[in-house]
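Hello,

Here is the structure you will be working with. Please open it and keep it beside this email as you read.

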Amino acid sequence: MDLSEYEFRSQPWFDQENFQGFNEAIPMKTMVVHCFDPRAADIPDAVAKHFGDEVFPGENVLDENGNRVGHTRTLFSLANAGGRAVDALQAVATMDYLFRFTTVVVVHHSFCGATAFRPDQLINRYRDEHNVDISDAFRRDALTIPHFDESIKYDLALLRSHPAVPRSTKLFGFFYEMNTGELIEIARDVPA
Ligand SMILES: [Zn+2]
């Protein structure tokens, strides 16, 4: 099955060698990294309201034929287990190329499943139940959330020290109390 007609690189109007970014189609400026716990699914909305100048969820922009050629959203949501930044690095690099966005926000939430176990418990269960050793498969200190304050600061430091995160990127770390909807800033790293 040839699906190449659905790829940008095969469109006659698309110049891959002179790519200027997709910001005219989607004005992305912020990436929110958070947990995929369904109880915490309103984190992106809470962050958008907190900053006040974001559009979320926004809506599709259609051309005259009804094709989705853009979107009004400025804040992108990236969900994973615990909302850990280690799983966001490839997305940061890709989005920097496509959108040249400015801000990454890490949010960890109350009663997160990642606070329910230690890394060695997960590793031992894989050994006992699946008969495999995953002790070196992941960054052990980002596998769980032992303390919220530490995990949020760790993630901001990880982002700041990683070569794929541009030096100019603004970083914010929040704790989200999902029962009250309160968003508390724990750390920020905003270059002058
Ligand atoms: Zn969670």
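Predicted model: local features only at pLDDT ≥ 70, side-chain atom pairs only at ≥ 80, totals over all residues.

The zinc ion has three kinds of entry to look up: Cys35 (SG), His109 (NE2) and Cys112 (SG) are its protein donors. They lie 2.0 to 2.3 Å from the zinc ion. Along the chain, the donors follow the spacing C-x73-H-x2-C. Buried means under 20% relative accessible area. Cysteine 35 has 6%, so it is buried. Cysteine 112 has 3%, so it is buried too.

Next, helix α4. It covers residues 148-161, 14 residues in total. From first C-alpha to last it reaches 20 Å, close to the 20 Å expected. Its buried residues include Ile152, Leu156 and Leu159. Among the elements covering the buried residues of α4 are α2 (89-99), β5, β6 (170-177) and β7 (182-189).

Now the backbone. A cis peptide bond joins phenylalanine 56 and proline 57, with omega about 0°. Proline 57 sits in the loop between α1 (43-51) and β2 (60-62).

Which residues other than glycine have a positive phi? Phenylalanine 111 is one, at about 55°. Asparagine 131 is another, with phi near 60°. Phenylalanine 111 is in the loop between β5 and α3, and asparagine 131 is in the loop between α3 and α4. Phenylalanine 111 is exposed at 61% relative accessibility. Asparagine 131 is exposed at 69%.

Best wishes

Key: Residues numbered from 1 in each chain as written. Heavy atoms only, no water. Donors = N, O, S within 2.8 Å, 3.2 Å for Na, K, Ca; no water. Buried < 20%, exposed > 50% of the residue type's maximum accessible area, 1.4 Å probe, protein only. Helix = DSSP H or I, 4+ residues; strand = E, 2+ residues; numbered from the N terminus. Expected span 1.5 Å × (residues − 1). Contact = heavy atoms within 4.5 Å.
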